[in-house]
Amino acid sequence: MIDATHQIDDLSAAEEKERERQLKYYSASQWTLIWWRFRRHRAAMIAASLLGLMALAGIFAEFVAPYGPVSRDTKYIEGAPQMPRFCDAAGCSMVPFINGTKTERDPVTLRAISVPDPEVRHYIQFFVKGERVKLLGFIPIDRHLIGLSPDADQKIHFWGTDDLGRDVFSRTIYATRTSLSIGVIGVLISFVLALIIGGVAGYFGGIIDNVIQRVTEVIRVVPIIPLYMGLAAAMPKEWSTTQVYFAMTLILGLFGWPTLARRIRSQLLSIRNEDYVVAARLAGARPGRIIAQHMLPSFTSFIIVDLVISFPYMILSETALSFVGLGLRPPSVSWGVLLQQAQSVRAIEQTPWLFIPAVFVVVAVLAFTVIGDGLRDAADPYSEAH
Amino acid sequence: MGDTILLRFTLERFVGMVITMALVSVMVFLIMELPPGDYADRYAFRKYSGTGVNVTEADIEAIRRDLGLDKPMVLRYFDWIGGIVLHWDFGQAFAFETSVTKVIGDKVWLTAGILFATLLLTYIVSIPIGIFAAVRRGSAVDYGLTVFSYLGLALPNFLLALVMLYFANRWFGADIGGLFSAQYRDAPWSAAKVWDMMKHLWLPAVVLAWSAVAYQIQTVRATMSDELNKLSVTAARARGVPETKLLIKYPARLAINPVVSTIGFDVNRIFSELPIVAVVLGLTELGELLLKAYLDLDMNVAGAILLMLTFAIVFMNFFSDLLLAWLDPRIKLGA
């Protein structure tokens, strides 16, 4: 007895710390462990922050974007991006500024073109007064994150303007909201469908499973974009942009479930005869409750991984459909709608800034993929760490 | 004995293929029925709009009766599929005022050409590179390929097509989009025209193969990595089998299996991307026609093409099953 106390006293501080760490590790919940492991995946953390920023910009689009998605600046049509700078020929300033523009005749074509005017400086300001908009659709605000002072006789276009003089930066921010939200709703719809279809197939098995497997196979075998195009083509032309938006989410969700349903089915099939499931069944629980309460929790983390990696397909499909004119239609703005303006080689040569929305598509898709990879590594925290 | 097993396996897969095709045809038919209004409405509108003739509901009803569109949906489905199976007749293409078969014409072969060029390119590139990446795991090349794979899956294909078109135009001159040079576009088929097509085929093939390559490199690399750790490899190495021969004889042989089993998947992806890439590159094949048909709501043409593309995928699945059974005899015993 005395010896034992003596020994504990002998434990060095480092060992004590180690013991505490282990205790924390062993008593942590599954989700805490997943988070700890995910946190170590640096690329996934960066991707998650990027995506978070994008989502924030999208949610608060009215505040972040200096101008509305359809406001026109007739004085600066197909104008090049105006990058804020600190120095020009006249010296440097602490506050970033852009040079003013003046209109000149193109010496060859005699077309009116806007050229930078080094004489004038417009300073960038934060929280400037601008267009009156409704944040999130109902909070009226007139201040925007960034812009030029309302006294300036011109507007600022960080990423240039399109053929109607609409600000590409503002439009891209608004498009981010549309495109990401279509992805989210589409994934949610297909998740619910996958849960029901995969759940029924995997829990009951037998002939029900066979029939469902056949149907799933048929849907999987039809090339997905032509299938989506067929459904999108059926949307009546007179539908409003809101109707088209919801129809698009429905179309994307309605056929996005097979992969996830298959995963849920095979997982359910493999644990269908585990003792705890049989026990629940013998206790008289209904199938819905057994699936939801007893079976799903054993592979929730894998479902989340599959959900995350199905985002890119939604986003790319929406972009592709809108790009060819079968998805969202102007005046809606989504990444695909914006890229419609950049359909030709001519656009690459003359107005390359119209391709900036494509960067968003690539970044979003990459981010979802990397996060999916990180989550997959973290999803089973009880496995050996690499 | 072995022959009967193979025969049974083939027969089973064949029946499965036919059932899938039948179900696919039902689904395609439903999609054709989806747009509001039917063929008669669109036909009447197209024929009489601008002529000053006042089209009444009765006229449309008459057209409907003439075309057999007043029958119940189930009967119309059997009319449609029966015409296709028995007479290779896909109905009328109203936007072109001729039969669908005429409109589609030799576009089937152009599409098949693009498809096979793309598949060939995909496998020629991805299999050796995937094997190489697995053998040199953790090297700079392996790391670079991982980055490439990520990008390959993330780049929207139309964007890739645009960028490639831009650079192709800069480096190889203006006459690069489309499938033919101007002088051959409407010319009858000849050896020179085929050669001209070959010269144009590489660009769509590269664009379409891009994501498939990205995906297959990862598959080959993963299987190859697993196989390299097998005892058979160690044993062969211990026997003193030269390294190259050893790689080809044991792990590489097996690393090809997952590629073979996903041929249908690759065809699916290629066809999925085809309409969009076709628009950007100005390819005059089925994908582009499909998009046009959808935009015109010419559902007979759209349905025919969707059916053809999907049947091709189902058939390629069947083909890949057989090929796999031949490459890896364990498969047919398990099935």
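Visitor: At what angle do the axes of helix α13 and helix α16 of chain A cross?
Guide: Please keep in mind that this is a predicted model. In chain A, the axes of α13, residues 300-323, and α16, residues 356-378, cross at roughly 165° and come within 8 Å. Because of that angle, α13(A) is roughly antiparallel to α16(A).

Visitor: And which residues of α13(A) and α16(A) make the contact?
Guide: On the α13(A) side they include I304(A), V308(A), F311(A) and I315(A), while α16(A) contributes, among others, V361(A), F368(A), G372(A) and R376(A). Sorted by kind, the residues of this contact are 14 nonpolar, three polar and one charged.

Visitor: Is the crossing left-handed or right-handed?
Guide: The crossing in which α13(A) passes α16(A) is left-handed.

Visitor: Switching to strands, how does β1(A) pair with β2(A)?
Guide: In chain A, strand β1, residues 85-88, and strand β2, residues 91-105, run antiparallel and are joined by three bridges. One pair of bridge partners is D88(A) with G91(A), the latter in β2(A). The two strands form a hairpin, with two residues between β1(A) and β2(A).

Visitor: What about β2(A) and β3(A), how many bridges are there?
Guide: There are nine bridges between β2(A) and strand β3 of chain A, which covers residues 112-135, and the pairing is again in the antiparallel sense. Here G100(A) has D117(A) of β3(A) as its bridge partner. These strands also form a hairpin, with six residues between them, and in the turn L110(A) has a positive phi of about 65°.

Visitor: Now the other chain: how many residues of chain A are in contact with chain B?
Guide: On the chain A side there are 32 residues, and they are in contact with 38 residues of chain B. The elements of chain A that each give two or more residues to this side are α7 (206-221), α8 (224-233), α13, α15 (345-350) and α16.

Visitor: Which element gives the largest share?
Guide: That is α8(A), with seven residues. The side of chain A that touches chain B divides into 25 nonpolar, five polar and two charged residues.

Visitor: And chain B itself, how many helices and strands are there?
Guide: Chain B has 16 helices and two strands, and its C-alpha atoms fill a box of roughly 90 × 60 × 35 Å along the principal axes. Of its 335 residues, 35% count as buried. Looking at contacts in chain B between residues at least 6 apart in sequence, 72% join residues at least 24 apart.

Methods: Residues numbered from 1 in each chain as written. Chains lettered and ligands numbered in written order. Predicted model: local features only at pLDDT ≥ 70, side-chain atom pairs only at ≥ 80, totals over all residues. Helix = DSSP H or I, 4+ residues; strand = E, 2+ residues; numbered from the N terminus. Buried ≥ 20, exposed ≤ 12 C-beta atoms within 10 Å, placed from the backbone. Contact = placed C-beta atoms within 7 Å. Axes fitted to C-alpha atoms, helices over the stretch in contact; angles between N-to-C directions. Parallel < 35°, antiparallel > 145°, perpendicular 65-115°, else oblique. Left-handed = near helix turned anticlockwise from the far one by under 90°. Nonpolar A, V, L, I, M, F, W, Y, C, P; charged D, E, K, R; others polar. Pairing = 2+ DSSP bridges.
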